[in-house]
Amino acid sequence: ATPSAVLAAIGPAAKQGILIKSGSFLEMCKKITTIVFDKTGTLTSGEMNVTTIIPENGSTQEEVLIIASSAERSSPHPIARAILKEAKRTGIVLSGVGTGRHFPGKGAEDTWNGAPVLVGNRDFFKKNSIPVLESAKQDNIQKNMYETEVLVAKNGEYIGKILISDTLHTDTKKALASLRHLGYSQYAIITGDNKKAAQAIADELEIPESMTYSGLLPSDKEKFVADLQEKGERVCFVGDGTNDGPALIRADIGVGMGSRANTLALESSGVILMEQGLSSLPTFLKLGKKTSQTIK
Ligand code: ADP
Ligand code: MG
């Protein structure tokens with residue numbers, strides 16, 4: 001690669017909100033065979049909203065929301081932001097500062113009036129040995145809704161669940177059409193979210209079920225990328241979250257969503273898209289292809 005060809009690409013890219021950390025990523029663009037996407041905050045807007053609160057075990061909607069927002073106080077996750085936004089909207093004022101912890105791909109915990117409180121998915125409840133009511137084992141998510149569901153517990157006891165909606169980002173479909181136009185033909189979705197939520201997005205984007213993987217932890221996401229590479233694929237992975245760090249590092253090109261991503265995701269990315277949405281992903285890949293042509 002001539003340094004001047006790389007520099008000639010990196011400068012204008014930066015002006016379009018595409019930060020390229022090394023020229024080698026430009027040259028990799030033409031070799032990419034599979035583009036893998038994180039779901040929440042990458043394909044979807046990640047601007048989530050609480051739609052339904054289902055109290056159980058004798059609790060009330062208000063109590064479920066107070067407990068959930070207390071547990072989520074220190075979490076940067078879009079689910080946490082949705083719950084805290086709903087709490088604020090209904091006039092709930094949380095006392096004291098959060099001292100809780102959050103667990104990528106699982107949930108968050110804190111205390112409320114001295115009692116341990118917790119929000120997360122089924123796996124997280126299992127790991128914390130919190131039994132879930134028979135009625136809660138069935139999820140309430142409607143097919144084809146971009147919805148996810150989290151369980152809430154106080155003092156080691158399940159008290160209800162919260163449904164949270166998401167929407168496909170307005171740029172996503174157009175970006176995928178541009179990628180197809182550029183000749184990229186194989187896509188996959190990997191998410192920590194549940195199967196129904198993943199499938200609804202995959203259907204909308206015409207990504208086959210066989211390329212849609214749900215319920216993944218950060219290490220599973222990394223393994224997914226590594227397995228593809230083992231089969232000879234060159235992988236571009238696009239993600240936004242803490243749970244995407246290892247996969248972003250592993251990928252041949254790790255692309256971080258700059259408008260949403262946390263520091264870890266950004267440090268792990270070779271390329272950062274500063275604009276919201278995926279519209280500059282095809283711009284970057286096209287530029288990379290063009291640059292490596294001039295290098296030859
Ligand atoms: P994605 O891989 O699509 O970006 P995440 O890995 O961020 O999704 O989250 C996966 C799942 O982990 C969520 O759907 C939720 O069930 C659970 N989860 C992660 N963080 C939290 C949190 N702070 N509060 C509640 N649930 C969480
Ligand atoms: Mg994400």
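Tutor: The model is predicted. Within it, strand β2 (residues 34-38) is mostly covered, as five of its five residues are buried.

Student: Which residues of β2 lie on the one side, and which on the other?

Tutor: In a regular strand the side chains alternate between the two faces of the sheet. Both faces of β2 are covered, and the residues of each are all buried. One side holds T34, V36 and D38, and the other holds I35 and F37.

Student: Which residue of β11 is the bridge partner of V36?

Tutor: Strand β2 runs parallel to β11 (residues 235-239), and four bridges join the two. Within β11, V36 has as its bridge partner F237.

Student: What span does helix α5 reach from its first C-alpha to its last?

Tutor: Helix α5 comprises twelve residues, 78-89. At 1.5 Å a residue, 16 Å is expected. The helix comes close to that expectation, with a reach of 16 Å.

Student: Which strands are included in what covers the buried residues of α5?

Tutor: The buried residues of α5 are P78, I79, A80, A82, I83, L84, E86 and A87. Their cover includes the helices α3 (39-43) and α4 (61-72). The strands included are β3 (49-55), β5 (107-112), β7 (147-154) and β8 (157-165).

Student: Which residue takes a positive phi just after α5?

Tutor: Helix α5 covers residues 78-89. Just after it, a positive phi of about 85° is found at G91.

Methods. Residues are numbered from 1 along each chain as its sequence is written. Chains are lettered from A and ligands numbered from 1 in the order in which they are written. This is a predicted model: local features need pLDDT of at least 70, side-chain atom pairs count only at pLDDT 80 or more; totals for chains, interfaces and linings use all residues. The expected span of a helix is 1.5 Å times one less than its number of residues. A residue is buried if 20 or more other C-beta atoms lie within 10 Å of its own, exposed if 12 or fewer, and partly exposed in between; C-beta atoms are placed from the backbone. Two residues are in contact if their C-beta atoms, placed from the backbone, lie within 7 Å. Two strands pair if DSSP finds at least two bridges between them.
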